[in-house]
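I opened a notebook for this structure. My entries below keep to what I looked up.

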Amino acid sequence: MNRKFLYIIGLSLVLSITNCTDMLELEPLDKVSSEQLLSSQGGIKTLLARIYNRMPVEDFNYVPNSGFNRRGWSGIGGSILMTSFYTDESYRSDGTGIGPVTNHYWPYDDIREVNLFFESLEQVKETMRESQYLQLKSEAHFIRAYMYFALAKRYGGVPIIDRVLDSEYVPGSDNSNLYIPRSTEKATWEFILNECDLAIENLPETLSSEDGIYRASKWAAYGLKSRAALFAASVAKYWENAPLTGEAVNQNLVGMNSSDASFFYQACLDASATIINNSGKSLYMPNPATPQDAANNFYNLFLTDNNEILFKKHFLDGTVVANQGHSFDVFYNPAQTNPGFHKFGRFNPTLDIVDIFENYTDNGLGESAKIITREDGNEDYTIANPTEIDINLPFKKYDNLIDPFLDKDARMWASIIVPGSDWKGVRIIIQGGLIKSTGEKLIYTDGSATGLDGNTYYSYGGEGITSYSGFRGLGQGDDANYTSSGFSIKKYLREGVSVIGQMESSDTDWIDIRLAEIYLNYAEATVESGQGDLTLAAKLINDLRRRAGHQDNIPLTLENVLKERRIELAFEGKRYWDLVRRRDFHQLFAQTRRKALIPILDLRDENPKYIFVRANNYNDENAGGRTFQPYMYYLPIPGRNTNDLVENPQY
Amino acid sequence: MKRIINITILISCLIISLISCEIDNYEGPNASFYGSIIDNETGALVGTELINGSTIRAFEQGFETPVAQTWLIKNTGEFRNDMVFAGTYNFDLSNGNFYPISVENFKINSGDNQHDFRVTPYIRIKNVNISHSNNQIIATFSLEAGEPEVKVKSIRLYAFTDMHVGENIKFSTSGTNFLQNFSPSKTIDNSVYTLTIELGENENHFKYNRNYYFRIGALADVTGVGTVRHNYSTVEVIPL
């Protein structure tokens, strides 16, 4: 016992002696101190790359219900998701609802990193050229503006933290000064525009390949400003269409006055005009010879480096370089050309958007050309359940699956795979059923029948599950690899490149800001505010149409501008925020069923013909329609039990 | 040795399982809170609907940041919540179909608590008559504004197979006269409105011989009160 006691005393002595020496104060060999990191250009760029990676870019890897940079697939079908699926332009084959993006984006850790970057930059200012220092500083302003924009469009006014708070912490006090309250929505938008201005100040106009061509240029910052200002202006103008009440409204933390709109519209006009006049950027292939050329050009716009792009996010093949790729080709190829993963064919454009595209009548009106399905001109019908259709209605009969779409806008051909398209050397078959020669219906179900010509025909258009791309597995979430809308996505999907059937095998770049959006921002701000150059705005809209192979000029009206925006920017993640900022969501979605087009083979004819039926989307119909509530325009503030912030209305 | 280990394991398991048997020591909800939403002027119930209808938002006091509990109000305008913790609550009744009211420091005791909220509905639907004749469902009614500023945006005759009929649970009927939208919103006067559902046009909805439920809804146009939800007449049951 005594001996044990001695041991303990001895050990304590040894330990206490060790405490007195410096021998343990070594620099760790597996970590880099901030001084070391900041002492080299490479170190600074590493830090910069890190905060670039934290930017909330709504790219292929943005999963609206879980977050940014979510690669691959979490094992739940619901994690295969694009912002576009939350709108009237597309849905996932197994059904997606309407509602707010619910990833609870609250990036104050990322904002702190940016603020630390500012602080570090001051420390090492002397070691670099002035121009280098200013560029890095402007880049950090750009990134911070981008983060606050992502916050403001989700929550309205948020706490503005533009410095590292460490030195303001007072031990022993209640530190109430660290509980920074929410700014008003207006002040938050003004902060974002100001950050854009600070970014614009010292960003370069062109980027050299040695510095990195994917970094932000002056035009990227102007583009961000144009986008953010239009968002703020729209909220100010349309807030009254979905007014809310509560403490957050009383304190102006959400909502703005319609009188604030003109300031923000002007900011959008100025930023957009600067890009249009000074950037040297131009539309990709602005004068196609034919609509076919236009379709090819518009398709290639998204797959090439070109002079229309203001800001893009680069990807590497994730099967080669870990955590770098995305899975667009794997998840969204139509079933017949899927690369071999067990989830595919999920990106389904709606009939709603297909109907919006023009044809080439080009009579100066720019009217949408609805798909013609009937002989009597009635295209306002929709059938809730296609298995119950009356086959004696005057449906128009077509010889080929592709016939109803032939004269449509080049941008439809470049953005959407329609039934009967040729894709990767395969004829894409999308068919929802058949009518037997006896008049019996075989719709939304697997089966076959013999035609009057003695041949066998299949309800989904082919024998075996690899020979068609539509309507199989409706209502079966896991197996819903076949379009339920009648259409499949084409924009951003690569025809000439085959990927292996693994996640993250795509390296297509994501175009975040391109000149066409700036054109549309300018046109919208002009029409909405009465400020801006009407002639220029009309020209911009018609330039976009000319690029799509149209020959006429349409007048500048709000309706035309918004229609062009839907068509030009379809599936690029813009529609969701357009519906939010213009407060259109709750009016558009009140138990609304999005539409599908169901091609059905009619065997009652000697030569089998196709009819096309307008129907409610299977999943929307089963869900009783989709609804967007006005309170969803703002998300609930995260972390209120510790941050003491005022909650948004109705949460 | 092996035996000792086994016994040790056995004993550990027993101890752990005994500990697990103890129920947690929190009290369950011990109060009921029920009552009605009553029209201050007429004393009638102010009906709403379960999905996206008027609600009671209850904030239990005593927490640093009280969080809203949303208690639903039934279609009839009555409510009942039997799983309430006794305590002091603030109530916020807003974003519904009546002028917002709030009640502070309302004491809910264990056991039964009855309370009626007296409110001013945006619109009262009066002189309602819903009847079936000539293969039509015909509704006639007039409107009365809760306050002079209230206008009406739209009126509709709703139909469904059960009592939950309303804006969010309804047949998507076709026809031209079951719904009227007013753009711009219409000032509320003494007009008598007639809405009809043509049963012939809607055979897909009225397939069976059974009871069907009908109700008139009106959407008010009021500013400064947040989200406005439909006001309803009482439900009319018609066997078809």
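The entries start with the ground rules and then go chain by chain.

**Ground rules.** I am working with a predicted model, where local features need pLDDT of at least 70, side-chain atom pairs count only at pLDDT 80 or more, and totals for chains, interfaces and linings use all residues. Residues are numbered from 1 along each chain as its sequence is written, chains are lettered from A and ligands numbered from 1 in the order in which they are written, and side-chain values use heavy atoms, with hydrogens and water left out.

**Chain A, overall.** I looked up the secondary structure of chain A and found 20 helices and 14 strands. Helices (H or I, at least four residues) and strands (E, at least two) are DSSP runs, numbered from the N terminus. The radius of gyration of chain A is 28 Å, close to the 26 Å from the globule rule for 651 residues, so chain A is as compact as a globular protein of that length. That radius is taken over C-alpha atoms, and the rule is 2.2 Å times the number of residues to the power 0.38. I noted the span of the C-alpha trace of chain A along its principal axes as about 100 × 75 × 50 Å.

Next I checked burial. Buried means under 20% relative accessible area, exposed over 50%, and partly exposed in between (1.4 Å probe, protein chains only). In chain A, 57% of the 651 residues are buried. I then looked at contacts, meaning heavy atoms within 4.5 Å. Of the contacts in chain A with a separation of 6 or more, 73% join residues 24 or more positions apart.

The accessible surface of chain A is about 26100 Å², and carbon and sulfur atoms hold 50% of it. Such areas come from the Shrake-Rupley method with a 1.4 Å probe; for residues, only the protein chains shown count as cover.

I also recorded the charges. Chain A carries 64 positive and 85 negative side chains, with the centres of the two sets 2 Å apart. Lys and Arg count as positive, Asp and Glu as negative; His and the chain ends are not counted. Each charge is placed at NZ of Lys, CZ of Arg, CG of Asp or CD of Glu.

- Arg614(A) pairs with Asp355(A) at 2.7 Å, N to O. The pair links distant parts of the chain, 259 residues apart: Arg614(A) is in strand E14 (residues 609-616) and Asp355(A) in helix H12 (residues 351-356). Both Arg614(A) and Asp355(A) are buried.
- Arg374(A) meets Asp376(A) at 3.0 Å, N to O. Arg374(A) is buried at 9% relative accessibility, whereas Asp376(A) is partly exposed at 44%.
- Asp162(A) bridges to Arg163(A), with the closest N and O atoms 3.3 Å apart. Asp162(A) is partly exposed at 37%, and Arg163(A) is partly exposed at 35%.

**Two helices of chain A.** I looked up helix H10 (residues 291-301) and found buried residues including Ala294(A), Phe298(A) and Leu301(A). Among the elements covering the buried residues of H10(A) are helix H13 (410-415), strand E12 (510-514) and helix H15 (534-547).

Leaving aside neighbours within four places in sequence, Ile200(A) is in contact with Lys218(A), Ala221(A), Tyr222(A) and Lys225(A). I also noted that Ile200(A) and Gly639(A) are 439 residues apart in sequence and 33 Å apart in space, C-alpha to C-alpha.

**Chain B.** Here I counted 1 helix and 16 strands. The radius of gyration of chain B is 25 Å, well over the 18 Å that the globule rule gives for 240 residues, so chain B is more spread out than a compact globule. The C-alpha trace of chain B spans about 90 × 45 × 30 Å along its principal axes. Buried residues make up 45% of the 240.

My last entry is Asn75(B), in the loop between strand E3 (68-72) and strand E4 (78-84). Asn75(B) is buried, at 6% relative accessibility. Not counting residues up to four places away in sequence, Asn75(B) touches residues including Gly47(B), Leu50(B), His164(B) and Arg215(B).

How values were computed:
A salt bridge is a side-chain nitrogen of Lys or Arg within 4 Å of a carboxyl oxygen of Asp or Glu.
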